[in-house]
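Here's a quick tour of a protein model for you.

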Amino acid sequence: MKARHLLLIALAAYLLTGLAQVRPEERAVVRRFGRVVARPQPGLWVGLPWGIDRVDRVPVRTLRQVTAGYDPGVGFDAPGTPPGQLLTGDQNLVNVQLVLAYAIGETDADLDDFVMHQDQVDAVLGREAEAAAAEWAAGRPVDEVLLTGNAALPAWLMDRLQDRLASCRLGVRVQRVSVAGLAPPDEVRAAFEAVNQAQNGIRTRENQARQEADQRLRQADALRYKLEQDAEAYRDAQLRQARADATEFRADLAAYRELRKGVTRDEALAFVWWKEVARARELMRARGSRVEPLDAHLGPDGLDLTHLLSPKPR
C-alpha cells in the first residue's frame, strides 16, 4: 500500500515537470525529442513531462554583454599573436578590446536559432567582432587607428557586424558596440606616447600660429580701415580747401576786373599784391610766426638779417 502511494506521488511529480511558467519578459521554446513543437507566450504552459518535452525560457527583454579582443588581465605566453592584437595598414600592432551589447530576437526564427546555438553565441560574437575590427585596422595607419578608433570603430562595426552574423544564425541583434581598450603593445607603448606628445606639441603650436595669424590679420584689417578713413578724410579736406581756394580766386579775379575799370594795370596789381601780403601776415600770425617790417634793416649793402636771427642754443 505504501509503495503504491509512493509510486503515485512520484508519477504526479513527474507529470508536473510538464508545467512551466513563462514570465512577461520571456518567450519559451518547447522541443519534443529535439524538434521545436511550440513557442508559448508569457503565462502557464502545460506540456509533456521531462524527457519528452524540453522548455527553454528565453529572456528577450534582457540586454546581454560579451567582451571580445585583447584582455590585459590574461597572460599570453604562447608563441604568435594574442587575441585582440591587430595589425594596422602600416604594419604596426595595436591591442583592441571591445564590449558588445546584444539582445535576443523575438521572431520565431530568432528564438529557434538562439535555443539551438545558445552555448556558442558569446564565442561566435567575439570572433566575428574581432575579425571585423581586424579588417578595419588593416585599412588604416596606426596613428589614425589610435587617434580615431574609440569613436570611428564602434560605428563601423555596427554597420557591418549584423551582416556578418546573419549566416551564423545566432538569433541575436547587436544593440551597441564600444571600445573598452585601444593602445599599442606594452613593449612599444612608451615610444608611442612620446610620438603622441610630440604630435600634440605640433598641433598646439599650429593652433597658436593660426591664432597669431588671425590676430595679425585682424590688426592689419583694422589698420587698413583706419588708413582708408584717414585717406578719405584727407581727400575730403583737400577737396574742400581746393573748392574754397577756387571760390576765393574767382572772387579775387572778379574784384581785379572790377578794379581795372577805374585804375591802371599797375595800380590794380599793387592793390592785389598788398591784399595778398595782408592775408599772408594774418595767416603767419595765426600760426605764431613773427611779422615785422624790414625797412629798418636795409643798408647800403642790401638787407642785413644778422640782427633778426637769434643764435641757436648750444
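Predicted model: local features only at pLDDT ≥ 70, side-chain atom pairs only at ≥ 80, totals over all residues.

Before we start, helices (at least four residues) and strands (at least two) are runs assigned by DSSP and numbered from the N terminus.

**The big picture**

- The protein has 6 helices and 11 strands.
- It contains 314 residues, and 25% of them count as buried.
- Its accessible surface is about 22000 Å², with 56% of that belonging to carbon and sulfur atoms.
- Take the contacts between residues at least 6 apart in sequence: 68% of them link residues at least 24 apart.

**Two helices packed together**

- Helix H5 (residues 189-260) packs against helix H6 (residues 265-286) at an angle of about 145°, and their axes are 9 Å apart.
- The crossing of H5 past H6 is right-handed.
- On the H5 side, the contact is made by Glu248, Asp252, Tyr256, Leu259 and Arg260, while the H6 side includes Arg265, Ala268, Leu269 and Phe271.
- Sort the residues of this H5–H6 contact by type and you get 6 nonpolar, no polar and 7 charged.

**A hairpin of strands**

- Strand E2 (residues 26-32) is mostly covered, with 6 of its 7 residues buried.
- E2 runs antiparallel to strand E3 (residues 35-38), and 3 bridges join them.
- Together E2 and E3 make a hairpin with 2 residues between them, and Phe33 in the turn has a positive phi of about 60°.

**Loop residues to look up**

- Gln91 isn't a glycine, yet it has a positive phi of about 65°.
- Gln91 counts as exposed because its relative accessibility is 59%, and the cut-off for exposed is over 50%.
- Arg169 sits in the loop between helix H4 (142-166) and strand E9 (172-183), and here too is a residue other than glycine with a positive phi, near 55°.
- Arg169 has a relative accessible area of 52%, so it is exposed.
- Pro49 lies in the loop between strand E4 (43-46) and strand E5 (53-59).
- With a relative accessible area of 8%, Pro49 is buried, since buried means under 20%.
- Pro49 and Ala13 are 36 residues apart along the chain, and their C-alpha atoms are separated by 9.3 Å.

Definitions and conventions
Residues numbered from 1 in each chain as written. Heavy atoms only, no water. Axes fitted to C-alpha atoms, helices over the stretch in contact; angles between N-to-C directions. Left-handed = near helix turned anticlockwise from the far one by under 90°. Contact = heavy atoms within 4.5 Å. Nonpolar A, V, L, I, M, F, W, Y, C, P; charged D, E, K, R; others polar. Buried < 20%, exposed > 50% of the residue type's maximum accessible area, 1.4 Å probe, protein only. Pairing = 2+ DSSP bridges. Areas by Shrake-Rupley, 256 points an atom, 1.4 Å probe, with all protein chains shown as cover.
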